[in-house]
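Hello,

Here is the structure I promised to pass on. Please open it alongside this note, and then read on for what I found.

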Amino acid sequence: ALLAVGAGHSVYSNSLTGNRMVSNGLAGILVHAIGTASGSAAASNAGSNSIVENFIASNGPDAIAGATTPTGVSVYGDSPVLDLIIYGNTFATETVDVFFNSASFLNIYSNDLVGTTGLVNQNPAGVVNARENYWGCAYVTAPGTGGCSAIIGPNITYIPWLTASINQTPATTT
């Protein structure tokens, strides 16, 4: 978890790389920036972090962010979560692979997003660049159709998408 909880608190410039986040009671990875600027304290900062080449499966929800179903990565901020990158991850047996609820910009690319819902953008002020992810789609089927992982919410760019998995080995949850 990358948690900046409280005005002026920070967790930044971290890289979560090469881990297995499996069967946690909460979402596999939490990124929270909770605490707006007040008085002389700056807003909380959960910026410049990266989530790279992890295996994320069978995790729980993140009610604080608004994710009520099993979720792989949950990003929440009442302060903007800036410069977060989600790259090269393999998701399995999640209802929602990536849940985003922040009035900021998220880069998510080269991931296997094969949950029921690959991506949710809960915040109408949030913008997500989700190009070049694999959504479990056949060559001509768009994300959200034909048995592919769904995309929910505004301000999500997903074209072009990958037509093959980034992971060359079968996904397992053990």
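Let me start with a question: does N123 count as buried or exposed? At 15% relative accessibility, N123 counts as buried, since buried means under 20% relative accessible area, exposed over 50% and partly exposed in between (1.4 Å probe, protein chains only).

Before going further, some ground rules. This is a predicted model, in which local features need pLDDT of at least 70 and side-chain atom pairs count only at pLDDT 80 or more, while totals for chains, interfaces and linings use all residues. Residues are numbered from 1 along each chain as its sequence is written, and side-chain values use heavy atoms, with hydrogens and water left out.

Overall picture

The protein has 15 strands and zero helices; both are DSSP runs numbered from the N terminus, with helices being H or I of at least four residues and strands E of at least two. The C-alpha trace spans about 55 × 35 × 25 Å along its principal axes. Of the 174 residues, 47% count as buried. Contact means heavy atoms within 4.5 Å; among contacts between residues at least 6 apart in sequence, 63% join residues at least 24 apart.

The parallel sheet

Six strands form an open sheet with parallel pairing, in the order β1-β4-β7-β10-β12-β14. The edge strands, β1 (2-5) and β14 (150-152), each pair on one side only. Two strands pair if DSSP finds at least two bridges between them.

Strand β7 (residues 71-77) runs parallel to β10 (residues 96-102), and six bridges join the two. Across that pairing, S74 stands opposite F99 and Y76 stands opposite N101. With β4 (residues 29-34), β7 pairs in the parallel sense over five bridges, and I29 has V73 in β7 as its bridge partner. Strand β7 is also mostly covered, with seven of its seven residues buried.

Around N123 and S102

Back to the residue I opened with. N123 lies in the loop between β12 (117-121) and β13 (127-129). Its side chain reaches the backbone nitrogen of A125 at 2.9 Å. Leaving aside neighbours within four places in sequence, N123 is in contact with F100, N101, S102, A103 and P154.

One of those partners, S102, deserves a look of its own. S102 sits in strand β10 and is buried, with a relative accessible area of 0%. The side chain of S102 makes a polar contact with the side chain of S104 (2.7 Å). A polar contact here is a pair of N or O atoms within 3.5 Å; within protein, one must be able to donate a hydrogen and the other to accept it, and residues adjacent in sequence count only if both atoms are side-chain atoms. A polar atom of the S102 side chain also lies 3.2 Å from the backbone nitrogen of V81. Not counting residues up to four places away in sequence, S102 touches G77, S79, P80, V81, N123, A125 and G126.

Best wishes
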